[in-house]
Amino acid sequence: MVQYFSKEFFDELANALNTDAEWLKKSSGSNFKSIITITDHSKSFLLDVVGGKIAVSEVAPDVPADFKFDGPYDAWIILGKGEKDFQSLVMAGKVKFRGSMPKVMGLMPAWNRLIKVAQQLPKEF
């Protein structure tokens, strides 16, 4: 079992998504870069999606990306446990969003699948 929000967790997420038929269907043709940051642990991960295939890497939070999501670890735990959805956390200000709202809204089916797969991975909080 991997530690949630570690490089190993994101590697397992990418492996799971790259073989997930539903993700591939919802994200095919999608190209975007997103950085997810745990603000109170100073960790940031780049999700680089090209044609629906995803690669991950640990990066500095100021690396250019289409979307940036920043929040404290406890907010990410709420998402990881499925206690609240992504949109609720952003709307409540628990997770800050930077980027094109219309573009990210168009990608919500893919984002929702990514989150569901992440929630299902075995992990320690």
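Visitor: Is Phe10 buried or exposed?
Guide: This is a predicted model, in which local features need pLDDT of at least 70, side-chain atom pairs count only at pLDDT 80 or more, and totals for chains, interfaces and linings use all residues. Residues are numbered from 1 along each chain as its sequence is written, and side-chain values use heavy atoms, with hydrogens and water left out. Buried means under 20% relative accessible area, exposed over 50%, and partly exposed in between, with a 1.4 Å probe and protein chains only. At a relative accessible area of 2%, Phe10 is buried.

Visitor: Which kind of aromatic pair do Phe5 and Phe10 form?
Guide: Rings of Phe, Tyr and Trp (its six-membered ring) pair if their centres lie within 6.5 Å; planes under 30 degrees apart count as stacked, over 60 as edge-to-face and the rest as tilted. The structure holds 17 aromatic pairs. In one of them, Phe5 and Phe10 are 5.0 Å apart centre to centre with 85° between the planes, which makes the pair edge-to-face.

Visitor: How many residues apart in sequence are the parts tied together by Arg113 and Glu22?
Guide: Arg113 forms a salt bridge with Glu22, the closest N and O atoms being 3.5 Å apart. Arg113 lies in helix α6 and Glu22 in helix α2, so the parts tied together are separated in sequence by 91 residues.

Visitor: Is Arg113 buried or exposed?
Guide: Helix α6 has several buried residues, among them Trp111, Arg113 and Leu114. The relative accessibility of Arg113 is 12%, so Arg113 counts as buried.

Visitor: Which strands do Asp48 and Lys33 lie in?
Guide: Asp48 forms a salt bridge with Lys33, and the closest N and O atoms are 3.0 Å apart. The pair links distant parts of the chain, 15 residues apart: Asp48 lies in strand β3 (residues 43–50) and Lys33 in strand β2 (residues 31–38).

How values were computed
Helices (H or I, at least four residues) and strands (E, at least two) are DSSP runs, numbered from the N terminus. A salt bridge is a side-chain nitrogen of Lys or Arg within 4 Å of a carboxyl oxygen of Asp or Glu.
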